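Trainee: I would like to learn how to read helix packing and chain contacts. Could we work through one example together?

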Amino acid sequence: MILKEMLKLEFRKALRNKSFYISLIIGCIITMFSLVYNIEIYQNEIMMIQGDRLNPMYGVLSLFNRWIGGEPFSFGSSAYFFVFPLLVAIPYGWSYCEEKQSGYTRLVTVYSGKKAYFLAKYAAVFLSGALAMVLPLVFNFLVSALFFPAVTPSPLYCTSNGVFYGSLMSMLYYSAPFLYVFFYLCIDFVFGGLIACLSYSVSCIVKYKVIVVILPLFLLLAFHYLRQFIYTSPEVHHYKEISPLFFLRPVQIVYHTSWTVILIGAAILFFITFLSIIWEYRHEIY
Amino acid sequence: MKFIRYLRFDIQQGILRNKALLFTPAVIAIIIFLDFVGKAHRFLDAGLIAEGVSYGDYCFYLYGGMYEYIPDVANAFRFPVVWITVFLVIPFLLLNYPFKDLFGAGQQILVRSGRRTAWWMSKCCWNILGTILYHLIMQLTALALFGVLRMEISNRIHMDFIRLAFQIGHQEVWEQSILPFAVAFLPILVSVSINMFQMTLSLFVKPIFGFFTVSLLFLASAYRLSSWLIGNYAMIYRYDWMLKTGVSMKVGAGMVASLLFVSVIAGLIRFRYYDILEKE
């Protein structure tokens with residue numbers, strides 16, 4: 001009963017705070033950069049098609065390779081998938097750090113008990129981060145749908161789609177693209193939440209809010225850089241993409257990824273975050 | 001309280017006792033050095049480069065940035081991870097201290113002395129010193145590693161290595177063999193001015209949004225070759241000294257000086273009216 005009440009309280013705090021709205025607005029603004037750029041390209045391509053009588057290549061111009069997740073080259077898309085660790089941590093990733101510093105944690109756990117508090121906090125941070133990651137993408141997809149036709153992509157134009165034979169869920173992309181987008185949004189939802197929970201974990205050892213929010217970006221950046229020590233052979237072209245900064249994009253950037261990498265990545269993030277919360281739970285907070 | 005006492009306090013608390021500021025650049029330099037040496041060895045073993053690399057190549061590898069990106073469906077944008085790590089870590093390391101001080105011991109000092117100008121100018125000096133020290137530690141660590149491994153310590157650069165490491169395709173570049181000091185120093189000055197910009201911005205918005213803006217500024221600079229985006233002047237590869245269509249270093253020096261001046265003055269004016277008791 002208390003857990004239910006705590007969940008309600010934490011969700012309300014997480015989703016009805018200024019930082020959550022600011023993060024969503026910034027995310028949506030960044031996605032608009034991608035939209036405007038793609039509309040410009042789309043109009044130019046339409047004019048070119050109308051100008052000659054050759055193959056109109058309708059399969060090239062599609063919602064699925066023009067929304068922010070479907071293209072890897074606009075500034076909006078590049079920026080969004082670079083700063084998303086900040087965007088997911090801004091809404092509520094800092095909350096535990098602040099509550100610990102202000103003494104709120106000590107007061108609320110008297111009423112709710114530590115277990116309910118820590119669990120509710122984890123769930124709320126996860127949800128806020130996951131929504132902050134996915135809502136701007138959904139917004140972009142829906143607004144893009146107003147401008148671009150939802151033509152089922154053709155594998156003939158795979159270079160324009162950025163989804164190749166070996167890419168994750170490529171069969172789905174070329175047969176049921178809405179489902180492909182939905183699955184990718186689910187992956188982004190889970191990782192957005194888990195990365196926000198990294199901030200929560202960092203709060204266990206760091207006492208400054210600003211550091212707690214920024215550190216996950218550097219952890220991902222460090223991981224992204226360290227993968228250069230794995231991808232060493234110039235001859236091998238079949239490495240698996242292991243960096244979340246790249247594989248969370250529904251389009252292939254360098255290497256394709258696999259379900260194994262995604263599941264292992266999510267499991268590692270979950271264990272790191274959850275274990276650190278258990279560690280904190282077992283420690284004295286008074 | 002005199003300005004010099006403020007500065008001495010900031011150097012002691014914000015630099016000498018800031019372990020992250022002292023150790024992080026050394027760790028980054030070691031990792032980048034390993035990556036650099038590994039790459040050079042692989043290229044050498046494959047016969048792609050004629051001779052071993054030198055310290056000049058390492059500096060270029062550190063501050064080189066990336067080639068001019070031309071957006072295209074078949075050409076995904078990949079941010080320059082080495083460059084962005086080097087330049088984004090220092091704003092992060094310098095982000096917290098001024099506000100920690102302002103809402104901690106510094107607040108008492110400020111209230112008792114009543115000298116806001118001295119406090120702000122001291123923080124500006126601290127910011128500049130911290131940034132220079134960060135880059136200096138990186139360079140010294142690399143120099144030590146070059147010395148230990150008996151690698152060539154000179155400002156020679158090898159274009160065959162640079163072409164491969166920076167994936168220079170069809171872009172027209174000048175064939176250079178020496179890395180002049182001024183070329184290697186301008187990125188550090190850009191770093192100084194951007195950090196100052198971030199500190200000033202953090203007086204207007206929350207520090208996290210100051211950092212967010214700086215991150216986007218760096219990414220935008222990598223994405224687009226433009227003389228208006230100051231990050232381009234922190235990329236040696238994009239100078240007109242190297243890239244034929246690159247940015248002018250003289251304009252870059254001017255921009256750095258302007259941004260630095262505007263940031264200091266804007267911060268000074270803002271800080272005079274900044275509510276040091278209410279905010280957190």
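Trainee: Which residues in H9(B) meet which residues in H11(B)?

Mentor: When reading a helix pair, list the residues on each side first. This is a predicted model. From H9(B) come Leu186(B), Leu189(B), Val190(B), Val192(B), Ser193(B), Met196(B), Phe197(B), Met199(B), Thr200(B), Leu203(B) and Phe204(B). They meet Met249(B), Gly252(B), Ala253(B), Val256(B), Leu259(B), Leu260(B), Ser263(B), Val264(B), Ala266(B), Gly267(B), Arg270(B) and Phe271(B) in H11(B). Sorted by class, the residues of this contact are 17 nonpolar, five polar and one charged.

Trainee: At roughly what angle do the axes of H9(B) and H11(B) cross?

Mentor: At roughly 25 degrees, and the axes come within 9 Å. Angles under 35 degrees count as roughly parallel, so H9(B) is roughly parallel to H11(B). The crossing of H9(B) past H11(B) is left-handed.

Trainee: What is the orientation of H3(A) to H10(A)?

Mentor: Again, begin with the angle. The axes of H3(A), residues 75–89, and H10(A), residues 209–226, cross at roughly 150 degrees and come within 8 Å. That angle makes H3(A) roughly antiparallel to H10(A). The crossing here is right-handed. On the H3(A) side are Pro85(A), Leu86(A) and Ala89(A), which meet Val213(A), Ile214(A), Pro216(A), Leu217(A) and Leu220(A) of H10(A). The residues of this contact comprise eight nonpolar, no polar and no charged.

Trainee: And how do H9(A) and H10(A) pack?

Mentor: Their axes are 8 Å apart, at an angle of about 120 degrees. The two helices are therefore oblique to each other. H9(A) passes H10(A) in a right-handed crossing. Ile195(A), Leu198(A), Ser199(A) and Val202(A) of H9(A) meet Val212(A), Val213(A), Leu215(A), Pro216(A) and Leu219(A) of H10(A). This contact has eight nonpolar residues, one polar and no charged.

Trainee: Which residues of H4(A) are buried, and what do they pack against?

Mentor: For a buried residue, also ask what covers it. In H4(A), residues 95–102, the buried residues are Ser95(A), Tyr96(A) and Cys97(A). They pack against H6, H9 and H10 of chain A. Just after H4(A) comes Gly103(A), with a positive phi of about 95 degrees.

Trainee: Now the contact between the chains. How many residues does it take from chain B and from chain A?

Mentor: One general point comes before the count. The size of an interface is often given as the accessible area lost when the parts come together. Here we count residues instead: 27 from chain B and 27 from chain A. On the chain B side, H2 (19–45), H4 (81–93) and H10 (207–223) each supply at least two residues. H10(B) gives the largest share of that side, nine residues. By class, the chain B side has 17 nonpolar, five polar and five charged residues.

Trainee: How many of the residues of H10(B) are buried, and what covers them?

Mentor: H10(B) is mostly covered, with 12 of its 17 residues buried. Among them are Phe211(B), Phe212(B), Phe218(B) and Tyr223(B). The cover includes H3 and H10 of chain A, together with H4, H5 and H9 of chain B.

Trainee: Is Gly169(B) buried or exposed?

Mentor: Gly169(B) has 10, so Gly169(B) is exposed. Gly169(B) lies in the loop between H8 and H9 of chain B. Its C-alpha is 8.7 Å from that of Tyr67(B), although the two residues are 102 apart in sequence.

Trainee: Where is Leu102(B), and what is Leu102(B) in contact with beyond its neighbours in sequence?

Mentor: Leu102(B) is in helix H5 of chain B. With 19 other C-beta atoms within 10 Å, Leu102(B) is partly exposed. Setting aside neighbours within four places in sequence, Leu102(B) is in contact with Gln107(B) and Ile276(B). Ile276(B) is 174 residues away along the chain, yet the C-alpha atoms of Leu102(B) and Ile276(B) are separated by 7.0 Å.

Note on methods. Residues numbered from 1 in each chain as written. Chains lettered and ligands numbered in written order. Predicted model: local features only at pLDDT ≥ 70, side-chain atom pairs only at ≥ 80, totals over all residues. Axes fitted to C-alpha atoms, helices over the stretch in contact; angles between N-to-C directions. Helix = DSSP H or I, 4+ residues; strand = E, 2+ residues; numbered from the N terminus. Parallel < 35°, antiparallel > 145°, perpendicular 65-115°, else oblique. Left-handed = near helix turned anticlockwise from the far one by under 90°. Contact = placed C-beta atoms within 7 Å. Nonpolar A, V, L, I, M, F, W, Y, C, P; charged D, E, K, R; others polar. Buried ≥ 20, exposed ≤ 12 C-beta atoms within 10 Å, placed from the backbone.
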